[in-house]
Amino acid sequence: MTEKKDLIQFYIDEYRKEAKKRNTARASGYEKRINALNRTMKRLGAHQVSRSILEDYHRQIKNLLHIAMKYRNKGAVSVIQSQMIPELVRLDLAMILPDDQSALDDGFFDYMREQLPGVICTRSLFELCQRYRRYCIENRITQLVPSRPELEFPKALSMNRHFILHIGPTNSGKTFQALEALKHAKHGVYLGPLRLLALEVYEKMNSCNTPCTMLTGQECLETPHSRVTASTIEMADINDTYDIAVIDEAQMVSDTERGHSWTRAILGLLAREIHICLSPAAEPVITHLIRLCQDHYDICRYERKIPLYCEKTAFEFPDDVQPGDALIVFSKKSVLDVAGRLEEREIPASVIYGSLPPEIRRRQVQMFAGGETKVVVATDAIGMGLNLPVRRIVFVQTEKFDGISRRPLKVPEIKQIAGRAGRYGLYDAGYVTAMGEEALEYVRERFDAFEEPIETVSLGFPQVLLDMNEPLDAILRVWHDVQTQPPFVKVSIEDTLFLYGQASRNRDYIDGFENKHTLYRMISCPIDVKDRYVVDLWLHYCEIYTADVSLPYPDKKAIQGLAGIQKYETYYKQLDLYYQFSVRMGKIIDTKWLSRERAYTESTIMRYLLGKKTNYIATCRYCGRKLPVGYNFGVCARCFEMEHSSRAMSWPRRKSHRFSKPS
């Protein structure tokens with residue numbers, strides 16, 4: 001840290017330089033203004049000033065010094081330099097944090113002179129210290145992180161890897177061909193987006209006498225003498241060496257939440273032969289990544305096994321429901337609502353949505369595949385490689401909430417979901433439709449539209465930055481804001497920063513908070529941050545994980561305010577958190593208890609889904625009437641109009657008194 005006198009001298013030098021420049025400051029009464037401001041600053045304590053007040057003092061002193069120097073008033077100049085500027089420095093220093101004070105070294109003065117000359121005369125020291133720290137972090141990030149992402153994986157660069165790209169739409173058999181190659185691996189790995197897909201591969205490999213182990217963030221199913229591991233993409237081990245690897249659904253490389261895991265696998269996987277399954281839209285970015293690594297590739301192109309048609313007439317619910325239909329909506333509430341309406345018509349339906357435990361999703365799929373249910377009601381989770389005997393996709397809704405706003409479906413989303421229609425070997429063709437003429441027209445236009453190539457590749461946070469001597473949240477934010485070369489974009493860090501904020505407020509109770517490697521393992525734990533019960537348990541684990549060799553069990557009795565299926569879905573998320581946090585922090589896992597609790601929770605959720613679904617049918621919260629199917633609001637149109645009309649009638653009366661002409 002620099003001496004205070006050096007800081008004062010720096011201020012004086014900068015103020016004198018700025019004062020010599022042309023200025024329009026008011027000259028009259030400047031001596032009185034100098035004396036008044038000098039007295040005011042001397043009386044002020046640190047708690048009595050704000051950043052805006054300080055910045056105003058900075059500008060006033062600059063203007064007053066300009067006038068005093070212009071009129072060669074040595075006395076006034078002396079007062080400003082010997083009294084007012086030291087007082088300004090005192091107030092500035094009182095506003096900044098101890099860590100920022102330690103940053104006031106020679107580098108800070110060089111940065112200010114070269115990058116921000118004269119800015120000290122208009123901005124508070126607090127703001128400039130923040131800018132300097134950010135500048136230092138950016139420089140350190142530039143030094144630690146290679147400018148080219150592939151350089152982060154030197155072992156992969158040193159290998160002569162061969163990629164086989166299986167490019168085609170859904171239901172074209174591309175994944176099947178990749179898995180055929182994997183069967184012959186001496187040491188192979190499958191990497192997919194869902195636990196269900198990893199489980200599917202695990203079962204398929206073992207049934208073909210290829211011993212396979214399943215490893216996901218939720219569990220590990222070991223098979224003796226296994227030659228293949230079926231994993232979710234996040235579990236990719238870039239330190240192990242394989243002879244054959246399969247990366248599925250690689251078009252997700254652009255996903256802002258999870259895409260970095262595909263990027264990492266493609267750039268860093270140590271395998272002599274890598275099969276990548278992807279949609280045609282992802283071909284440019286995937287081949288770009290391979291060329292960056294100076295590896296070579298072959299392309300196998302696939303067409304759909306059976307044709308896919310968009311129907312000419314709009315779907316009417318529930319009269320047009322047929323066996324083999326998949327009705328697509330975009331929220332759990334809508335899934336259960338539609339399933340309840342079908343139950344009223346005695347049409348048994350399977351349900352699939354994101355927060356449903358993987359094993360329940362699998363059993364719902366089996367019920368549909370086995371003919372126990374005639375139709376399936378699902379969110380867009382159905383579009384991610386699930387093997388379903390769907391004849392027709394019906395878009396009950398064509399808008400979805402993406403976490404920020406409700407928006408219409410995009411072309412890739414429509415094509416990915418629609419592609420699930422038409423199971424090869426079961427149907428001669430697949431069909432797509434939508435509920436209502438307007439929705440069908442919207443889907444038809446995009447169904448036939450050219451799918452624009454994917455233009456972005458998601459990059460994850462490089463953990464080498466955890467060795468930097470800066471707060472973790474500052475490192476994350478600055479890293480995210482540092483510009484990258486196309487096609488690379490940074491992964492979303494909103495959830496990570498949210499968990500950091502939760503931990504930071506309780507930092508005094510968290511052992512290891514100051515260790516960034518430990519803290520990052522905590523805040524990067526993949527949990528549902530929108531579920532406060534899961535977040536509360538996560539925070540509890542952060543606070544007590546050092547107390548014992550194992551974590552305490554989640555307690556479903558502590559989940560107050562939730563009931564029915566929602567309570568058990570939240571409890572299942574807590575069970576996943578128990579497992580994931582234990583693995584991350586090296587805790588002993590009670591696998592027998594966890595297996596029993598999962599099985600019990602799954603059977604409870606299954607009972608709810610097999611029970612009466614008519615209770616989930618959406619009704620107007622005012623009048624109680626049944627809302628239209630696929631309706632996005634909680635109030636019917638009639639009640640909304642009545643509410644709107646009553647407000648409109650009262651508005652003129654309130655206004656008329658103010659604007660009426662006097663009698």
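Predicted model: local features only at pLDDT ≥ 70, side-chain atom pairs only at ≥ 80, totals over all residues.
Helix 1 buries L7, I8, F10, Y11, I12, E14, Y15, E18 and A19. An α-helix has 3.6 residues a turn, so residues three or four places apart point the same way.

Strand 10 (residues 325-328) comes next. Which of its faces are covered? Both are. D325 and L327 are buried on one side, A326 and I328 on the other. Strand 10 has parallel neighbours. It is joined to strand 13 (residues 392-395) by 4 bridges, and the two run parallel. Strand 12 (residues 375-378) also runs parallel to strand 10, through 3 bridges. L327 figures in both pairings: it stands opposite V394 in strand 13 and opposite V377 in strand 12.

Now helix 18 (residues 494-505). Its 12 residues should span 16 Å at 1.5 Å a residue, so the 17 Å between its end C-alpha atoms agrees. Buried here are T496, L497, L499, Y500, G501, Q502 and A503. Their cover includes helix 17 (472-481), helix 19 (516-523) and helix 20 (532-544).

How far does the confidence carry? The protein averages a pLDDT of 91, and 97% of the residues score at least 70. Residues 653-663 are another matter: pLDDT stays under 50 there. For that stretch the model has 0 contacts beyond four places in sequence.

Note on methods
Residues numbered from 1 in each chain as written. Heavy atoms only, no water. Buried < 20%, exposed > 50% of the residue type's maximum accessible area, 1.4 Å probe, protein only. pLDDT = per-residue confidence, 0-100. Contact = heavy atoms within 4.5 Å. Expected span 1.5 Å × (residues − 1). Pairing = 2+ DSSP bridges.
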